[in-house]
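Here's a quick briefing for anyone meeting this structure for the first time. Have a look at it below, then read on.

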Amino acid sequence: MKRTAILGGGIAGVTAAWQLARRGNTDFTLFESRGRLGGTVETVQRDGFTIECGPDGWVTEKPWARAMAEELGLADELIASKDETRKTYVMTPGGLVAMPDGMRMMVPTSLASLESSELFTADAKAAYARELASAEVLKAAAPSEDESVASFVLRHFGPEVLAKIGAPLLNGVFGGDVETLSVRAVMAGFVAMEREHGSLIAALQAKLAVAPAGRRPASIFTGLRGGTGALVDRMVAEIPGENVRLNTQVTAISRRDGAWIVATAAGEEAFDALLLATPAHVTSALLRPVSPRMAELTTMEASSAVVAALAFDEHFELPPGFGFLAPAGQGSQLLAGTFVDQKFPDRAPEGKRLLRAFFGSAAAERLAPLPDEEIAELALAEMESIVGKLPVPVFSVVRRWPKSLPQYAVGHLERMAELDSLVAAEPGLWLLGNGYRGVGLPDLIRDARAAADAVIA
Ligand SMILES: Cc1cc2nc3c(=O)[nH]c(=O)nc-3n(C[C@H](O)[C@H](O)[C@H](O)COP(=O)(O)OP(=O)(O)OC[C@H]3O[C@@H](n4cnc5c(N)ncnc54)[C@H](O)[C@@H]3O)c2cc1C
């Protein structure tokens with residue numbers, strides 16, 4: 001029987017293992033260096049609070065996480081974000097200011113919604129109006145090559161929109177710097193809109209005009225009542241225990257006599273197929289002796305995150321909405337804050353509150369060595385400086401996610417195309433995880449299931 005090794009037990013590796021287990025008739029081993037599966041996906045249940053330590057849901061538009069949740073018997077557990085009060089605030093010197101209604105990231109669906117907004121100066125509003133009026137020019141000038149997110153947003157909307165919402169929106173998802181991030185890899189939809197319509201505002205308006213009238217749009221985010229950790233728990237329950245090696249770090253891989261050799265402290269084992277679902281920097285190091293070029297192509301910057309969830313025993317007023325972004329230069333160490341119980345239902349018991357502070361990049365690196373209590377205290381102080389005095393939390397949960405958000409730099413798609421062709425030339429090799437074709441749970445699930453199916457085929 002064909003033997004498969006899966007390296008890394010994050011959502012990508014666990015999904016691949018689950019898919020192999022349910023298809024049956026294959027022998028596989030999942031190697032995970034830590035004592036638990038799920039990687040960045042982790043939910044803590046405590047005193048009636050549901051605390052997401054990593055992802056708190058997924059983008060509804062992408063169907064693959066929902067489909068898997070349904071197959072895992074979690075259909076009744078699916079929850080929609082509370083979009084009736086969906087608002088995101090931006091920290092400004094004058095306090096929190098709501099993003100105008102109807103924005104898709106940094107693109108408004110109508111100029112009218114911007115008029116009363118206090119977020120943007122007259123200059124930025126004029127830049128938005130200019131973008132809509134310059135559709136033909138923008139279409140004619142659409143670059144044929146990849147460019148940075150910063151350059152793309154600057155061409156359309158100018159520096160204020162980039163600094164106030166473009167940069168903080170992307171930093172929280174893709175880690176790193178808008179000056180480096182590839183627009184084609186992380187905002188492919190907007191690039192296609194530019195090609196077709198020139199103006200992104202015009203493109204969104206055209207899309208809305210053809211959307212079926214009267215249908216209530218689905219919520220923007222989908223989650224699980226028991227947290228995203230339920231996906232992992234359900235899958236793990238269906239993966240035979242003897243196929244999983246926890247606390248087992250893979251130290252090297254090699255190719256010998258047509259087999260893949262996986263080395264751990266316990267020795268070497270041979271496999272027919274190898275699914276590398278380790279973080280890109282680990283994958284890169286493992287691949288170096290096999291293929292220096294593959295190692296080069298998987299070398300990418302990755303930024304760290306630190307999250308601190310603060311649970312409160314009492315209710316207090318917060319601005320209605322999902323939370324806020326803290327742009328660089330506003331004096332906060334936070335990248336973002338989530339009003340968790342206002343974003344998803346059932347995250348906190350009735351009359352109680354749950355907040356989550358998100359530190360990214362440099363702040364996360366700086367804080368990571370500190371003890372949990374100090375990080376929680378700092379998170380509380382930073383939150384208070386933005387939303388006002390808060391009660392003392394009844395408890396807090398802190399997690400460090402080092403190098404967890406890989407940066408898709410300019411040229412990423414071309415590098416991945418080359419990587420794909422090199423991988424395809426190595427029989428039995430697959431690369432999974434968030435370094436290559438998307439960082440969100442739906443993308444990772446789609447790819448992992450497809451790879452497992454291909455292994456069996
Ligand atoms: C704070 C935060 C919030 C996020 N929020 C969202 C969200 O709301 N929605 C969304 O869709 N996405 C979100 N993401 C992104 C998403 O969570 C990640 O992209 C995804 O979970 C990564 O999964 P993975 O399997 O690729 O990698 P990981 O989860 O990093 O798993 C890799 C695993 O490999 C193991 N490993 C490493 N080295 C070795 C080795 N040598 N041998 C064996 N095992 C090894 C690690 O221990 C780890 O368990 C968020 C990410 C972060 C950090």
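In which loop does N25 lie? N25 lies in the loop between α1 and β2. Helices (DSSP runs of H or I, at least four residues) and strands (DSSP runs of E, at least two) are numbered from the N terminus.

Some ground rules before we go on. This is a predicted model, where local features need pLDDT of at least 70 and side-chain atom pairs count only at pLDDT 80 or more, while totals for chains, interfaces and linings use all residues. Residues are numbered from 1 along each chain as its sequence is written, and side-chain values use heavy atoms, with hydrogens and water left out.

**The overall picture**

- The protein has 18 helices and 22 strands.
- Its C-alpha atoms fill a box of roughly 70 × 55 × 45 Å along the principal axes.
- The radius of gyration is 23 Å, which agrees with the value near 23 Å for a compact globule of 457 residues. That radius is taken over C-alpha atoms, and the globule rule is 2.2 Å times the number of residues to the power 0.38.
- Of the contacts with a separation of 6 or more, 73% are between residues 24 or more positions apart (contact means heavy atoms within 4.5 Å).

**Surface and charge**

- Buried residues make up 52% of the 457 residues. Buried means under 20% relative accessible area, exposed means over 50%, and partly exposed is in between, with a 1.4 Å probe and protein chains only.
- The accessible surface comes to about 19,600 Å², and carbon and sulfur atoms hold 54% of that. These areas come from the Shrake-Rupley method with a 1.4 Å probe; for residues, only the protein chains shown count as cover.
- There are 44 positive and 56 negative side chains, and the centres of the two sets lie 2 Å apart. Lys and Arg count as positive and Asp and Glu as negative, with His and the chain ends not counted; each charge is placed at NZ of Lys, CZ of Arg, CG of Asp or CD of Glu.

**The nonpolar cores**

- The largest nonpolar core has 37 residues, and I6, I11, L224, L231 and L432 touch the most other members. Such a core is a set of buried Ala, Val, Leu, Ile, Met, Phe, Trp, Tyr and Cys residues joined through side-chain atoms within 4.5 Å.
- Elements that each supply at least two residues of this core include α1 (11-23), β2 (27-31) and α18 (441-456).
- Leaving out residues up to four places away in sequence, I6 touches several residues, including A16, L20, F28 and L275.
- Apart from this core lies another, of 36 residues, with V90, V107, A150 and V439 among them.

**Residues to look up**

- N25 is exposed, because its relative accessibility is 71%. N25 also has a positive phi of about 55 degrees although it is not a glycine.
- S361, in helix α15 (residues 361-367), has a positive phi too, near 40 degrees. At 29% relative accessibility, S361 counts as partly exposed.
- A270 sits in strand β15 (residues 267-271), and its C-alpha atom is 5.5 Å from that of W260, ten residues apart along the chain. A270 is partly exposed, with a relative accessible area of 38%.
- T180 is in the loop between α7 (159-174) and α8 (183-186). Not counting residues up to four places away in sequence, T180 touches S148, Q407, Y408, A409 and V410.
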